Amino acid sequence: MDNASVVWRRPGFGGTLGATLFFCASLTPSLLPRPWLLQGVMGAITGILGYGVGVAIGAAGRRLLPASERARRLSWQIMLGCCAGLTAVALWYSYDWQRDLRALMDMDTRITWFPPVILAVSLALFTVFLLIARLVRLAGRRLIDWLDRFVPVYVGHVAGVAIVGVVVAVFANDVLFSGFVGTMGDLSSVTNGTTDPRAHRPTSAKVSGGPGSLVSWASLGREGRTFTGEAVTPAQLSAFSGKPALQPIRVYVGLDSTSSPEQQAALAVRELERTGAFQRRVLAVLGTTGTGWVDQHLADSLEFMANGDSALVALQYSYLPSWVSFLVDRDKAAATGAALFDAVRRRWAALPVQHRPRLVVAGESLGSFELESAFADLRALTGSADGALFVGPPNVNRIWSALTADREPGSPVWRPVYQGGRTVRFAQRPADLGRPRVVYLQNASDPVVWWSPRLVYHRPAWLESPRGPDVNPQMNWFPLVTFWQVLVDMAAAQQVPAAHGHVYGANIVDGWAAVAAPPGWTGQDTARLRQLVSPP
């Protein structure tokens, strides 16, 4: 085979079949709805994965089952006809699959969906990817030909393949991935220096960045300024409770404040002392996502519940978006969560028992991983904190994973029951959580909760019967494909109504009511607060 034919020859039998099957599988429903353009891109990448699998299987098949030229021609004709028909049927049904998925989530089912354009986008991108792969193969062939002039053939082949593999891996990691992360870091650093127009520098000394604060307004970062600059006021709290309210305390230490998680945590404790946080009824240690974001539902709900007799504290550990931080900053997130909680608890434990505030921890998404990582197991968590609320926990959360694995027989993985729910409860649409010490809010359709590398080769338990209330009954598991589908779902995880995907909204109120409700708090209070923090 000459060098030109390596690049320009027609696709092989196994590769064509594999690409078609994978492309059609990518059209099937996953956890969340997706737009047609994203489907086109997704179809191309999924198709190239299938092509690689098909080529490998086809090469093995040709060695084991050699066929005549007539049999190969007939096989091609049958295969192309079947592939064309299967593609047409999958594209036809994909529209209904997406509508059904949107209906399941109470979303508008009038969608724009262009099957011919989806196919065209996928084919165009697939061709580009295939040409790139073949150019890499051509470079490998030329390298092997050159090596064969100096060393034995088998040595040249092995060395050539190894060198090409290393070069591709280094390029992908050190050039593409590292360059991407570096670019994201530069962009995120610039964004971190901006301020949301709705956030204003606090005028209260009880909030970081305000008068007398040990941390400057400028050092808080964009998300820190949002957290402190949009804090609820005593007037808002009084309007809800009908009683005089305190100014809630919010303490935040950004990345620009000091140089290490331990120093950030020490500064946060001094700021808590300055604001009088250890004299409040409830003290909450909050986890943040990569950029330092704290869900305002998480902060506001607890403050309304406590009528301002509360203190919240959080640290920023990264500039990067949460999904990038998940890939490169998880260790830093865990170290920051452990440093903050340990520092706060040491100061809290030094108080007389009767004068200690209720100490709780909470976090959403990667923020739940950050705070959960401060504890070795459930016993350590419940022995160190008075309550915990974790929202949308990623699949890498160790305690969450252990509790889910040890759930009672018969309870589904999306709503596990652990030891009768005495200490821990899991919920999506909380109606009556009781009074556990730990609550996990997790939507059955949240890709952040369910994405795992094991999806490449293992059918997940959340696709077994019974399925979660918003998981499409037509969703199936395909090797490699489902892994990629759920990964792509993360891009749309925030674009769905509350109680679906990675959006939790007013359900956070129920979570706080279960683990940190003040004396006299009622179900009617929970309903009123839900209406306030997330109006219809």
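The model is predicted, so local features need pLDDT of at least 70 and side-chain atom pairs count only at pLDDT 80 or more, while totals for chains, interfaces and linings use all residues. Residues are numbered from 1 along each chain as its sequence is written, and side-chain values use heavy atoms, leaving out hydrogens and water.

I begin with the helices. Helix α3 (residues 36–64) packs against helix α5 (residues 115–148) at about 40°, with the axes 8 Å apart. That makes the pair oblique, the class left once angles under 35 degrees (roughly parallel), over 145 (roughly antiparallel) and 65 to 115 (roughly perpendicular) are set aside. In contact terms, meaning heavy atoms within 4.5 Å, the α3 residues include W36, L37 and Y51, and those of α5 include F126, F129 and R134. By class, this contact has 14 nonpolar, five polar and one charged residues.

I turn now to salt bridges, defined as a side-chain nitrogen of Lys or Arg within 4 Å of a carboxyl oxygen of Asp or Glu. The count comes to 10. In one of them, R250 pairs with D300, with the closest N and O atoms 2.7 Å apart. R250 belongs to strand β1 and D300 to helix α10, so the bridge ties together parts 50 residues apart in sequence. Both R250 and D300 are buried, that is, under 20% relative accessible area, where exposed is over 50% and partly exposed lies in between (1.4 Å probe, protein chains only).

E464 and R459 form another salt bridge, at 2.9 Å from N to O. E464 is partly exposed at 37%, and R459 is partly exposed at 31%.

Conventions
Axes fitted to C-alpha atoms, helices over the stretch in contact; angles between N-to-C directions. Helix = DSSP H or I, 4+ residues; strand = E, 2+ residues; numbered from the N terminus. Nonpolar A, V, L, I, M, F, W, Y, C, P; charged D, E, K, R; others polar.
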